[in-house]
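Subject: Structure for your review

Dear colleague,

Please find below the structure that I am passing on to you. My notes on it follow directly after.

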Amino acid sequence: MNQLTRSLLPEIAAAGVVAVGPRADFPVRVLQFGEGNFLRAFIDWMIDRMNEAGVFNGSVMMVQPLPQGMGDVLNAQEGLYTLILRGMVDGVPREEPRVITSVRGCLRPDRDWARILEVAAGPELRFVFSNTTEAGIEYVPEPYTPGVAQKTYPAKLTAILDHRFRSGGRGVVVIPCELIDHNGATLRECMLRYAADWNLPEAFADWLRTECVFVNTLVDRIVAGYPRAEAESFCRRFGYQDQLLDCGEWFHLLVIEGPKELAAELPFDRIGLNVVWTDCQKPYRERKVRFLNGGHTSSVPAAYLAGFDLVDRMVADPVFGAYLRRVLFEEVFPTVDLPEAEKRAFAESIVERFLNPFANHQLISIALNSISKWKVRVLPSLLDYVRLRGELPRCLTFSLAALLAFYHAEEGADGSWSGQRPAGAYPVRDDPEKIRIIAEAWKQLAADQDYVRLVRTLLAREDFWGQDLNQIPGLTAAVAADLAAIERDGVTAVVRKLIA
């Protein structure tokens with residue numbers, strides 16, 4: 001079976017796959033940091049749709065942020081991959097496989113830095129997209145070494161745009177998709193700090209402030225990623241080998257807080273995409289982050305430890321499904337300042353989306369970088385619940401204990417970390433130093449069996465949570481008790497008591 005390349009595109013439509021034809025002649029108008037499943041099923045799909053309609057006519061050059069990634073495979077497939085959207089539409093199952101042709105290729109900063117700078121200086125380049133997870137937009141002091149890629153994403157982008165500025169390029173529109181509040185503004189502030197640290201010209205800082213546009217965004221689409229169990233059958237059906245198959249739901253939403261005149265340059269609305277340009281994306285963000293993302297992050301570590309692998313199976317289970325509904329309708333619900341009917345309808349839609357039998361959404365994928373995710377997605381609801389009700393929300397409190405249990409990991413010879421559940425070993429993927437700190441706390445527990453000490457030590461980490469969580473009345477004792485119960489009775493038994 002032939003590997004997916006552009007030479008196959010004329011034949012692919014016969015297999016029922018949407019393939020709008022090669023776009024190798026389009027200039028690179030987008031530089032994208034991140035080659036992962038989400039951006040490929042979201043932004044690159046949107047650009048592909050606009051190219052198909054003839055309203056954008058540009059291609060994407062991806063940058064693989066880390067040495068390990070899918071860039072080499074993407075390049076071997078000449079930037080092509082198949083996106084499969086499936087789910088219920090108006091009560092009827094619908095599936096559409098589409099070969100995405102909007103991507104030119106993928107570059108790696110550790111070996112392609114000069115080429116990245118060359119692309120960044122290109123006269124047609126206008127947009128920068130990114131999704132480097134919640135932990136990706138942060139300021140970490142580091143030196144500026146010309147000719148060598150920086151470590152953090154904001155530092156890399158500072159160096160790249162400084163090169164563009166020195167080359168006489170016009171300003172760009174920066175559209176981060178990381179799920180943090182004020183993502184564009186935060187990214188710009190990080191970059192201005194690097195510019196000051198590195199003594200870059202003040203004219204460059206002014207250019208960043210006045211000629212470049214940094215918008216704040218909210219993104220929403222459940223993307224399951226590579227359909228491992230179905231990949232072989234998909235490839236047989238399509239008639240080609242594709243190592244980058246990607247699966248997502250039909251629902252999508254992009255909220256952009258920024259100048260509405262940019263809509264003429266990114267004409268999503270002209271082809272019916274669900275994109276909102278607004279002066280304030282806070283209501284959209286709070287609703288989505290707390291219900292959808294918070295629903296995931298407050299449930300996944302416990303459900304995975306209990307033996308579940310897929311979101312729909314977790315939600316269909318009488319115990320964990322009831323737990324999720326209690327999280328959404330009793331603990332998150334009162335913390336979102338929106339009309340009751342709107343909140344209830346949105347929460348119900350989240351349960352329905354989670355139950356999508358076509359999603360194949362892996363819990364272990366959602367668990368990536370769960371420490372920063374819990375801080376962004378769950379902690380605000382917990383804090384607001386305490387402020388409003390004067391007591392701890394029991395399920396959200398338990399979710400922190402489940403997170404610490406999930407991160408009970410050991411380091412392998414290759415530097416990777418893994419935990420254990422009854423079904424066997426599983427990968428724990430996060431900042432290695434954070435995993436190491438939690439692992440050391442668990443080693444001390446083996447000696448003293450003091451769960452309160454373990455929890456107090458970890459909740460005090462302001463670098464994890466942005467504050468000392470021990471200051472929240474009763475939280476330390478409650479999390480310690482839940483953690484001890486998880487270890488003693490098993491996670492399912494603890495959840496069953498919570499919902500009783």
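With which residue does Arg-166 form a salt bridge? The partner is Asp-162, and the closest N and O atoms of the two are 2.8 Å apart. Please bear in mind throughout that this is a predicted model.

Salt bridges

Both members of that pair belong to helix H6 (residues 153–166), where they are 4 residues apart and therefore separated by about one helical turn. An α-helix has 3.6 residues a turn, so residues three or four places apart point the same way.

In total, the structure holds 33 salt bridges. Another of them brings together the side chains of Asp-48 and Arg-98, at 3.0 Å from N to O. Asp-48 is located in helix H3 (residues 43–53) and Arg-98 in strand S5 (residues 92–100), so this pair ties together parts that are 50 residues apart in sequence. Asp-48 counts as buried because its relative accessibility is 0%, and Arg-98 counts as buried at 4%.

A further salt bridge joins the side chains of Arg-108 and Asp-72, with an N to O distance of 3.9 Å. This pair, too, links distant parts of the chain, 36 residues apart: Arg-108 sits in the loop between strand S6 (103–107) and helix H5 (109–120), and Asp-72 in helix H4 (residues 71–76). Arg-108 is buried, with a relative accessible area of 15%, while Asp-72 counts as partly exposed at 40%. Asp-72 and Arg-108 are also members of one network, in which salt bridges with shared partners join them to Asp-110, Arg-111 and Asp-112.

Strand S13

Is strand S13 (residues 253–257) enclosed or open? Of its 5 residues, 5 are buried, so the strand is largely enclosed by the rest of the structure. In a regular strand the side chains alternate between the two faces of the sheet. Here, Leu-253, Val-255 and Glu-257 point one way, Leu-254 and Ile-256 point the other way, and all are buried.

S13 pairs with two strands that I would draw to your attention. With strand S10 (residues 216–220) the pairing is antiparallel and runs over 5 bridges; within it, Val-255 of S13 is the bridge partner of Leu-218. With strand S14 (residues 275–278) the pairing is parallel, over 4 bridges, and Glu-257 stands opposite Thr-278 of S14.

Helix H12

Helix H12 (residues 318–332) has 15 residues and spans 20 Å from its first C-alpha to its last, close to the 21 Å expected at 1.5 Å a residue. At the start of H12, a side-chain oxygen of Asp-317 comes to within 3.0 Å of the backbone nitrogen of Val-319.

Val-319 is itself one of the buried residues of H12, which also include Phe-320, Tyr-323, Leu-324, Phe-329 and Glu-331. The buried residues of this helix pack against several other helices, namely H10 (282–305), H11 (311–316), H13 (340–354), H16 (379–389), H17 (394–406) and H22 (491–499).

Yours sincerely

Conventions. Residues are numbered from 1 along each chain as its sequence is written. This is a predicted model: local features need pLDDT of at least 70, side-chain atom pairs count only at pLDDT 80 or more; totals for chains, interfaces and linings use all residues. Side-chain values use heavy atoms; hydrogens and water are left out. The expected span of a helix is 1.5 Å times one less than its number of residues. Buried means under 20% relative accessible area, exposed over 50%, partly exposed in between (1.4 Å probe, protein chains only). Contact means heavy atoms within 4.5 Å. A polar contact is a pair of N or O atoms within 3.5 Å; within protein, one must be able to donate a hydrogen and the other to accept it, and residues adjacent in sequence count only if both atoms are side-chain atoms. A salt bridge is a side-chain nitrogen of Lys or Arg within 4 Å of a carboxyl oxygen of Asp or Glu. Two strands pair if DSSP finds at least two bridges between them.
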